[in-house]
Structure formats: C-alpha cells, structure tokens
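Hi,

Here is the model I promised to pass on.

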Amino acid sequence: MTTTALIIGDLQAGIVDNYPFAAGVLPVVERVLPAARAAGIPVIFIRFGLRASGLDVAAGNQVINTLRGAGTLFHEESPETLVHPRIEPLPGEAVILKRRASAFSGTDLDRLLRAQRVDSIVLAGVATGAMVAATFYDAADRDYRLTVLSDACADGEPDVHDFLVNRVFPARGADVLTGDEWAARL
C-alpha cells in the first residue's frame with residue numbers, strides 16, 4: 001500500500017508577498033490543500049530561514065549570503081518566514097525549518113516521513129529550480145516515489161520551471177500533474 005504525503009515548500013509570507021511568481025502558486029495550493037486533508041494525506045510545510053547572526057552561512061556560499069543579506073526576509077525569527085496565512089497549517093501538521101534548498105538537508109523530514117510509513121511524495125512550492133528540484137533529487141535518492149504538481153510550483157525564471165516540469169522530472173520517473181488532476185485522483 002502506498003502512503004502519500006504532500007510537501008509544500010517555501011510558500012512563506014515574505015516570499016509570496018515579495019516575489020510575484022510565488023504568489024501565482026497560492027490559488028492552486030489553496031485548492032489542493034483541502035483535498036489532501038479531506039483524503040487523509042499528511043501535509044508537511046517547509047519554511048526557509050537563516051540565523052540572523054549569520055553563523056549558519058559560509059563566507060563562500062554566495063546564494064545563501066545574498067538571501068541572508070535581504071533584510072529580515074529570510075531570518076528564521078522573522079514573521080516573514082512563517083507559512084503564508086492563506087495556507088496556514090492546521091494544529092498537528094508538521095512545519096519544518098530548513099536552511100538550504102532541499103527540504104531534507106539538515107532536517108528531520110526523512111525521519112518524519114518514514115515514521116508515517118510514507119513512500120510517495122507530492123511536491124508543491126517555490127522555487128522550482130531551487131526547493132522543488134533539490135528536494136526532488138534528495139527524495140529520489142532516498143527511494144521515494146514522486147509527483148510534482150506543475151501549477152503548484154513556480155520559478156522566477158519560467159524557462160527553468162518549464163524545463164524541469166516538462167523534461168527533467170518526468171525523465172527521472174516522476175508523475176507531473178496539475179493540482180486539479182492530482183486532486184481528482186484522491
């Protein structure tokens with residue numbers, strides 16, 4: 001029997017409110033989320049945040065240093081790193097803080113999924129070329145079956161999104177569905 005979990009990554013207040021490509025994903029997630037909950041599918045929210053002190057940022061990591069330097073937008077204690085209020089987690093739903101692109105890197109996500117006997121992951125969130133792709137590859141290496149919700153993901157570079165969802169993810173064995181297609185199968 002397959003046990004599926006829906007992972008929603010980096011749809012946090014500061015990202016959705018400051019990056020238009022991310023805001024476009026929210027209506028799809030607002031439709032998918034209640035369907036997953038009604039079907040009894042565990043929902044796991046991933047949020048990205050760094051220590052304001054910068055102790056978790058290596059000097060040579062240009063991408064992470066740029067994010068750390070964006071004011072409080074990515075500081076872990078900032079309300080901007082909380083899951084966007086339009087898709088607020090319900091009591092008992094897991095919210096995992098990550099400090100790098102993959103939702104698995106340095107977190108207890110794998111332990112949480114295995115404890116619930118999850119073997120299939122559905123990915124939604126932003127950015128497709130960052131959180132989604134990094135989590136996708138990490139999950140594939142851990143032998144999870146993967147589905148990517150093509151319209152519940154987005155990237156600031158639309159061609160990167162299109163290449164990943166239309167070519168890379170399917171070529172690596174993932175089901176790529178729209179949010180409505182996936183919800184209709186529940």
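This is a predicted model: local features need pLDDT of at least 70, side-chain atom pairs count only at pLDDT 80 or more; totals for chains, interfaces and linings use all residues.

Residues are numbered from 1 along each chain as its sequence is written, and side-chain values use heavy atoms, with hydrogens and water left out.

**The chain**

You'll find eight helices and six strands, counted as DSSP runs numbered from the N terminus (helices are H or I with at least four residues, strands E with at least two). In sequence order they read β-α-α-α-β-α-β-α-β-α-β-α-β-α.

The C-alpha trace spans about 45 × 35 × 30 Å along its principal axes.

Of the 186 residues, 49% are buried (under 20% relative accessible area; exposed is over 50%, partly exposed in between, with a 1.4 Å probe and protein chains only). Among contacts (heavy atoms within 4.5 Å) with a separation of 6 or more, 76% link residues 24 or more positions apart.

**Helix H6**

H6 covers residues 128-141, and its end C-alpha atoms are 18 Å apart, in agreement with the 20 Å that 14 residues should span at 1.5 Å a residue. That expected span is 1.5 Å times one less than the number of residues.

Which residues of H6 are buried? They are Thr-128, Met-131, Val-132, Ala-133, Thr-135, Phe-136, Asp-138 and Ala-139. An α-helix has 3.6 residues a turn, so residues three or four places apart point the same way. The cover over the buried residues of H6 includes strands S1 (4-9), S3 (94-98), S4 (120-126) and S5 (145-154), along with helix H7 (158-171).

After H6 comes Asp-143, with a positive phi near 70°.

**Ala-130**

Ala-130 is in helix H6 and counts as partly exposed because its relative accessibility is 33%. Setting aside neighbours within four places in sequence, Ala-130 is in contact with Ala-101 and Asp-155. Ile-44 lies 86 residues from Ala-130 in sequence, and their C-alpha atoms are 18 Å apart.

Cheers
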